[in-house]
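Here is a short briefing on one structure. Sheet first, then a pair of helices.

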Amino acid sequence: MAALRLRNVFARDALAPYLAGGPGASAGRVTGAQRDAGTVGVPAAAVPGGSPDTSATGVGLMGLRFPNRVGLAAGFDKDGYDVDSLGRLGFGFIEVGTVTPRPQAGNPRPNLFRLVPDEALVNRLGFNNEGAAAVAQRLESRRYAGILGVNIGKNFDTPLQKSGDDYMSCLRTVYGIADYVTINVSSPNTPGLRGLQDPGALRPLLLELANLREQLQPVHSKRVPLLVKLSPDLTDEQVATVSRELRELPVDGIVATNTTISRPQPLKSAAAAETGGLSGSPLHARSIAVLRSLRAALGPDFPIIGAGGIVSAERGAATRNAGADLLQLYTGLIYRGPALIREVLAIVR
Ligand SMILES: Cc1cc2nc3c(=O)[nH]c(=O)nc-3n(C[C@H](O)[C@H](O)[C@H](O)COP(=O)(O)O)c2cc1C
């Protein structure tokens with residue numbers, strides 16, 4: 001079993017128990033001690049050599065052809081160090097970032113908490129990243145040949161009224177290396193960011209970015225789809241408003257959803273009280289409720305990527321049935337390991 005080399009420390013720690021393998025590797029009964037230590041074991045599944053096709057031709061969406069419907073969500077490989085390794089796990093696509101124009105350290109540690117009995121995480125990382133230019137440069141020399149999304153945001157100390165400049169700067173910087181770009185207006189750990197989902201802010205931001213895309217398209221000889229990533233904390237009324245806006249704006253798709261600042265009960269872990277965005281199992285119900293509303297409002301053809309609480313094949317199927325064209329995993333990978341990718345693919349068509 002080949003060891004997977006991951007530079008990202010969190011990703012490495014999280015996936016090492018599944019991938020390091022070797023002759024003595026556990027065949028995977030999960031013990032209480034392992035769970036407590038956060039080194040949950042499952043059978044060290046074979047690392048697939050490529051991306052399994054959903055069908056002979058994959059999935060056509062937004063002018064791209066995805067080899068399958070299961071991708072890696074943003075925030076796992078923020079700086080694009082690990083796409084070559086992660087690309088070997090069988091994902092249909094990988095989203096790196098969030099990147100900001102200038103490098104930033106993010107919030108002081110501790111900023112990431114495991115809620116093991118809840119199969120959840122709380123994070124308040126705060127867009128720690130090396131900056132869009134460094135990440136774009138790194139990704140230029142990637143060997144990963146699959147679909148690459150880049151998630152863009154604003155620096156924490158850029159005034160909110162100047163947010164547009166940050167997103168424009170990022171789009172310009174990553175355009176050449178991205179197959180699609182996700183505009184992140186929904187992370188809870190950058191003060192004021194989620195206010196950019198208000199129609200008065202969202203409309204001008206997306207129009208500005210779409211205009212910039214018109215300029216970049218001929219330069220790079222490609223039209224990069226623009227997606228908007230939404231929060232599960234939008235009220236039903238806000239979801240309806242955003243849907244109306246998105247129908248009229250030059251946007252190619254939605255990622256639904258980011259993490260939540262809510263704490264859906266019951267939660268068993270003390271760390272649930274930590275400030276930050278909750279991901280994983282307890283997020284699933286709200287994520288698919290938002291997804292369902294978006295699908296109902298936007299009709300069958302609007303591209304939607306579903307993320308949030310896909311910790312099992314059944315959850316993947318439920319997200320697909322709620323209207324997602326594609327799925328993204330994050331917290332499920334931490335608790336179930338990369339075998340989850342194949343498990344979801346086995347039942348999601
Ligand atoms: C530790 C951590 C860091 C994350 N960082 C980002 C990020 O930088 N940008 C972003 O758009 N989403 C980020 N997310 C949100 C995920 O992309 C995903 O939308 C969310 O976790 C829901 O999926 P899950 O329940 O499968 O984890 C992060 C999530 C976690 C757990």
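**An open sheet and a helix pair**

Three strands make up an open sheet, ordered 5-6-11, with antiparallel pairing. Strand 5 (112-115) and strand 11 (277-280) are its edge strands, each pairing on one side only. From one strand to the next, the twist averages 20 degrees. The model is predicted.

**Strand pairing**

- Strands of a sheet pair through backbone hydrogen bonds, in either a parallel or an antiparallel way.
- Here, strand 5 pairs with strand 6 (residues 120-123) in the antiparallel sense.
- Four bridges join strand 5 and strand 6.
- Which residue does L115 stand opposite in strand 6? L115 faces A120 there.

**Helix 4 against helix 5**

- Helix 4 covers residues 132-140, and helix 5 covers residues 163-174.
- Their axes come within 9 Å and cross at roughly 15 degrees.
- Angles under 35 degrees count as roughly parallel, so helix 4 is roughly parallel to helix 5.
- The crossing of helix 4 and helix 5 is right-handed.

**The helix contact**

- Helix 4 contributes A132, A133 and A136 to the contact.
- Helix 5 contributes C170, T173 and V174.
- How do the residues of this contact of helix 4 with helix 5 divide into nonpolar, polar and charged? Five are nonpolar, one is polar and none is charged.

Methods:
Residues are numbered from 1 along each chain as its sequence is written. This is a predicted model: local features need pLDDT of at least 70, side-chain atom pairs count only at pLDDT 80 or more; totals for chains, interfaces and linings use all residues. Two strands pair if DSSP finds at least two bridges between them. Helices (H or I, at least four residues) and strands (E, at least two) are DSSP runs, numbered from the N terminus. Axes are lines fitted to C-alpha atoms, for helices over the stretch in contact, and angles run from 0 to 180 degrees between N-to-C directions. Angles under 35 degrees count as roughly parallel, over 145 as roughly antiparallel, 65 to 115 as roughly perpendicular and the rest as oblique. A crossing is left-handed if the near helix is turned anticlockwise from the far one by less than a right angle, and right-handed if clockwise. Two residues are in contact if their C-beta atoms, placed from the backbone, lie within 7 Å. Ala, Val, Leu, Ile, Met, Phe, Trp, Tyr, Cys and Pro count as nonpolar, Asp, Glu, Lys and Arg as charged, and the others, Gly among them, as polar.
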